[in-house]
Amino acid sequence: MRKAALHNLGCKVNAYETEAMQQLLEDAGYEIVPFKDGADVYIINTCSVTNVADKKSRQMLHRAKKMNPDSVVVAVGCYVQAAKEDLEKDMAVDLIIGNNKKKDLVGLLERYFADRDDREEVIDIAATGEYEELHIRKIADHTRAFIKVQDGCNQFCSYCIIPYTRGRVRSRAIGDVVKEVEGLAAAGYKEIVLTGIHLSSYGVDFPEEKRENLLSLITCLDKIQGIERIRLGSLEPRIITEEFVSALAGLKSICPHFHLSLQSGCNATLARMNRHYTAQEYLERCVILRKHFDNPAITTDVIVGFPGETVEEFDETKRFLETVRFYEMHIFKYSKREGTRAAVMENQVPEQDKSVRSDILLTLEHKMSDEYRESFLGKETEVLLEEKVVIGGQAYMMGHTRQYVKAAIPFEEGLKNTTVKGRLTEKLSDEILLLK
């Protein structure tokens, strides 16, 4: 029995694919071991979203070969698509497998063991319209299951390499998603999170006569017995319409937690980014969400120091963030990604200025996040319990509300993956509220 170790880099889509590859290996008789000395096969699901991600991917590949020089080191995924020629020359890497070929991992490994010269399986990802069929039966150590339903992106934001490494939009058949979620519900999972490279584009590649979209998928999943919560991954702001949100509000399982990627609150910056909305249009989408849901959690991503961002443009973004009032913001300092238009734009912002702007927004994020959590004090809610935590020397069972606010009750055995109701009475820590 060969021993295999897997390591994931990057997004939730990558995490789903890594889980699926692990289950393929288990089914084929491989023993899955921790990512340390002793594995016969090391599989690194790589990321290429930034130059730093490329570097981390290379480091993990070299680390694997160093741990066991006789092992087979397999590079999989986005960095493979972006740097195939470099990896072909890298003596630390034995087998390279691109996107849309992860489902063939076991067969490709067996082929490599039979013929050590057969070490590459990378397609022209931009030319494929095929959705790669991967499936999971479980998610390791989690009470919620992340479900990949879509791949690829057609947006071509000026800072982003992903359309080149993931290809065009490809959507998973609704029936296939339903079958997988039914299996996970039968296995005891109560919450699912729908993920994709550009989730809002789900269904745009289907034939017109199917007329299936993200809303029709969610509506089908809402009917599955045992699924109490459906949480959505990152959404394109333009999908938030009166029709879409009013329909979501009528579903029993939908969580009022919406991640709408913003990137900038300044229209001039948004235009350089090739984002397809204005700050005002984004704000209107937030108003729609708050009209149909009571105090929904709205979270976002913001890039500071994008090429050409002046002090005035940054200040405009900061004022916009204060107007919207987010629950959480992920703040990123702009990082050049070779192969994108933004990497060669004029007026690149100095790293020192990026750091100052990032610190300002992180301070704002902390303040707004605290205010949002505190808005639930004194209110009745339900919490899906997930893990044991120790706060101030006392053990608690911690989970999340539907809005993804952390809450906890005194620890008892057997509470994991149970739903409890009560009133949020006080703060146990900066991020965790007490449920009584």
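A pocket, on a 1 Å grid over the protein atoms alone, is an open set of points with protein on both sides within 12 Å along at least five of seven lines, and its lining residues have an atom within 4 Å of a point. By that definition, I254, P256, F293, D294, N295, F376, K379, E380, T381, E382, R402 and Q403 line the second largest pocket. The model is predicted: local features need pLDDT of at least 70, side-chain atom pairs count only at pLDDT 80 or more, and totals for chains, interfaces and linings use all residues. Residues are numbered from 1 along each chain as its sequence is written, and side-chain values use heavy atoms, with hydrogens and water left out.

**Overall build**

- The protein has 13 helices and 18 strands. Helices (H or I, at least four residues) and strands (E, at least two) are DSSP runs, numbered from the N terminus.
- The radius of gyration is 22 Å, close to the 22 Å that the globule rule gives for 436 residues, so the protein is as compact as a globular protein of that length. This radius is taken over C-alpha atoms, and the rule is 2.2 Å times the number of residues to the power 0.38.
- Along the principal axes, the C-alpha atoms fill a box of roughly 65 × 60 × 55 Å.
- Of the 436 residues, 55% are buried. Buried means under 20% relative accessible area, exposed over 50%, and partly exposed in between (1.4 Å probe, protein chains only).

**Second largest pocket**

- About 230 Å³ of space lies in this pocket. Grid points are joined across faces, edges and corners, and the volume is the space filled by probe spheres set on the points.
- The lining has 4 nonpolar, 3 polar and 5 charged residues. Ala, Val, Leu, Ile, Met, Phe, Trp, Tyr, Cys and Pro count as nonpolar, Asp, Glu, Lys and Arg as charged, and the others, Gly among them, as polar.
- Domain 2 (142–373) and domain 3 (377–433) both give residues to the lining, so the pocket lies between them. The domain bounds come from an automatic or database domain assignment.
- K379, one of the lining residues, is 20 residues from D359 in sequence and 32 Å from D359 in space, C-alpha to C-alpha.
- D359 sits in helix α13 (residues 351–374). With 49% relative accessibility, D359 counts as partly exposed.

**N-terminal span**

- The UniProt annotation "domain: MTTase N-terminal", from an unreviewed entry, covers residues 2–114. UniProt positions are given in the numbering used here, feature names are shortened, and annotations may be inferred rather than shown by experiment.
- This span is 48% helix and 20% strand, and its end C-alpha atoms lie 14 Å apart.
- A5 is in strand β1 (residues 3–8). A5 counts as buried, at 0% relative accessibility.
- A5 and D37 are 32 residues apart along the chain, with C-alpha atoms separated by 9.6 Å.

- Most residues other than glycine have a negative phi.
- N274 has a positive phi near 65°. N274 lies in the loop between α10 (267–273) and α11 (279–292), and counts as partly exposed at 23% relative accessibility.
- Y404 also has a positive phi, about 70°. The loop between β15 (394–400) and β16 (406–410) holds Y404, which counts as partly exposed at 26% relative accessibility.

**Sequence separation and distance**

- K223 lies in the loop between α8 (214–222) and β10 (229–232). At 66% relative accessibility, K223 counts as exposed.
- K223 and L251 are 28 residues apart in sequence and 9.0 Å apart in space, C-alpha to C-alpha.
- F244 belongs to helix α9 (residues 242–249). At 6% relative accessibility, F244 counts as buried.
- F244 and E209 are 35 residues apart along the chain, and their C-alpha atoms are separated by 20 Å.

Technical notes:
1 Å grid on protein atoms, 1.4 Å probe; cavity = no way out; pocket = protein on both sides within 12 Å on 5 of 7 lines; lining within 4 Å.
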